[in-house]
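This report describes selected local features of one protein chain. Please view the sequence and the model side by side while reading.

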Amino acid sequence: REGCTEMERYRKMKKGLYFMGWQRDMWNYHPSLPMKNMHMIEDIIEMHGNMLLWSCLGSGAIGLPYLALEAEGAVEPRMRLYGYMNDREFCGECRKRGIRPFAVLWKAQLWEFAAEWNEDETQLLALNIHRDAGVKKGYVGMSELSVNRYPYVFPPIEQFFPQGLTDFKGDKVGDYLEEFKAVSLEGRNILARWLMAPEHDHKCYSACANKDSYLAYLKKETEMMIDANAGGLHIDEYDSQKHVFNNAGCFCPECVDKFRRYLKEKRISLPADAGELKEFDYRAYLLQKGYGDRDLVAGKGNQRWEIPLFREYARMQMDSIEYVVREVAKHAKAYARRQRDEEFPVSANLFNCYPHSWDCKKHLDILAGEKTNISLRQDGWYQFAFGWLNGKECCFVEDPNQYVRDMAEDMKNGINDRFILFLLEPLAHGFHLAFPYGSWLQNQVKDALWPDLRMLKRLGPWLDEHEAAFPMNPAADLAVIYDWQSASENQWTKPPAGWQGVYGNGGLPEELGDEGAFAGDGEFDSFFRLLQKLSDRHILYRVIYESPDEPLCYERLSSFGMVLLPDAFAMRREDIKLLRNYQNGGGQVITVGQEPENGFRADRHFEEENMDALIKMLECREQEITAPEEDGYGIAWHDTGNGRALHIINYSYDSDSHRIRNLPKLCFRLGKTWRLGCVSTFPENPLLEVSYRQQTLEVKNAGIYTIIELMDV
């Protein structure tokens, strides 16, 4: 690193910030993020951050005239005194310093906010947060801004679409909200309620992302973001079609028309009572047969597939996810190349790495998402996610839950232990969670997640200093295959446990919400339970993620002596053939749970209820490092190129003190002789003792996070 500037030194390792900057002790008001100031830039630099996700230029979900003011609007002198900037200026200051601010495209959101005005509507006196300041009340949002309702405050919509916006029939669109919003089978609106603050007069309507007009709108948004100096594009709610579909929609005329064409293209026969294809209206057909919204929500599980053509309708909706992501990413990259003569990175919120994300990854430069079900220990999931990345860079964030809120309370009380673990545990396994910076708490509480920035300003430089110890190259002789085909089928057909009706026994509301948005997601339980058991027992393994874009091949298997195949019941014939060749070359294949349906003969098989017997057998296999059986910690074992790096992650949480206790003593047996190298800890741990002799590594008083580097002799 000799000759590098300080800026260059900390640019190598990607360190993202979840940079929403919501105000402390306030609700999180999507989609317009708080104004940024120069003090925030200083924070980013001191934390050695270099990538900001969910950071700016998000208000296109209110309307392009609002976004124009967010990007380019004048900043009052009083705000200048405190270093505030519009979003174009903020992006420019970031880019001067080598920081990439990603503008956020809220794909699922169409907002309407209650507003207060003066008599002639030349002054906006209150928006969203009311104070009885005006003599006129109204709304500001997608509807009003698309018809130039407030010409004294917002620029006209013709500034952005001089020729107007047309629908799928070629007719000029008037009210954008009426055009874009999704509708259920029975004609109800579908709201993204999880984004709305309690007891506020605002609504967030779900968009139908299948509409040609809405895609044109999204593309125009990206152009405005690029013109405003954004360093990248982040597509939030990439799979909004799935959310809408799980809430009895969308059955707008355009979706029905597209389904008719889909049936023709795929040569799918209609039911005998459906009439001729050229006149087929799927919505009218279902209503005529007596189906309603209650029959279509996700909570109905497998019962939905008994509805004529419903699986095909689902497939059409899901196929459009990849199409929209591809079109938006391609347009953004081409526009940036044309306007700025530079490459423009695109990411998307791929949420929890569900199977339906497989065909979007190839269009994205940074894989982002929200890690759900955050808890004290989840190293099994992080190992899966590393396999899912398949070599791409990532930056995920936390999906808020009670555990996240508890961490926030700890930090308010000056205790950072669980938060440090939360950030470092994924990095141990080659996965990256962003540093929260006023990040989302989903309006579960009236607050945002603000860590102790002093601690993050120590952690960022520490990560750069120890970058070589994070090679993202786990060493293992055991592979676990994630079969996309089986996981995908499981996702759609696994009935939700204990479902008693999304809306109970009462009627459906006038406007559907997100109550059943993910109720039908199969979690591929056996696969993830196996991973966590392997991690709990310190068995080294790697996950191989296979999908149509990332097929199995002999090169991906050849370095492993054994392969585990959990619940791969729908594995493709070509993959089965490959595994047979792997067996013929001396590799072992063990199936767990449901076996492949194509007649594959494994070397051994374990039923799901006998998983512990499999774990016991695997504990007897030789591996490069054997860890003590004690609970309360995990390990990662990486090939650094000139040796190994052992990461020790401490889960010994004391619920009384809310701190993580040091581990008294661990003795690791090594399969060969190494030379003891650097020992690093975060936070600093003066009590740590490390000794190495006769292929035994002894560690006393390990704290939250310890790295021990071992060099080739």
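## Helix 10

Which residues of helix 10 are buried? The model is a predicted one, and in it the buried residues of helix 10 are Glu254, Cys255, Val256, Asp257, Lys258, Phe259, Arg260, Tyr262 and Leu263. Their cover includes helix 7 (176–180) and helix 8 (212–227), as well as helix 11 (282–288) and helix 13 (310–340).

Helix 10 runs over residues 253–266, and its 14 residues should span 20 Å at 1.5 Å a residue. The C-alpha atoms at its ends are 20 Å apart, which agrees with that expectation. Arginine 267 follows helix 10 and has a positive phi, near 55 degrees.

## Helix 16

Helix 16 is mostly covered, with twelve of its twelve residues buried.

Glycine 430, which follows helix 16, has a positive phi, near 85 degrees.

## Asparagine 401

Asparagine 401 sits in the loop between strand 14 (393–398) and helix 15 (402–412). Its relative accessible area is 19%, so asparagine 401 counts as buried, the cut-off being under 20%.

The side chain of asparagine 401 has a polar atom 2.9 Å from the backbone oxygen of isoleucine 374. The side chain of asparagine 401 also reaches the backbone nitrogen of valine 404, at 3.0 Å. Leaving aside residues up to four places away in sequence, asparagine 401 touches Asn373, Ile374 and Gln444.

Conventions:
Residues are numbered from 1 along each chain as its sequence is written. This is a predicted model: local features need pLDDT of at least 70, side-chain atom pairs count only at pLDDT 80 or more; totals for chains, interfaces and linings use all residues. Side-chain values use heavy atoms; hydrogens and water are left out. Helices (H or I, at least four residues) and strands (E, at least two) are DSSP runs, numbered from the N terminus. Buried means under 20% relative accessible area, exposed over 50%, partly exposed in between (1.4 Å probe, protein chains only). A polar contact is a pair of N or O atoms within 3.5 Å; within protein, one must be able to donate a hydrogen and the other to accept it, and residues adjacent in sequence count only if both atoms are side-chain atoms. Contact means heavy atoms within 4.5 Å. The expected span of a helix is 1.5 Å times one less than its number of residues.
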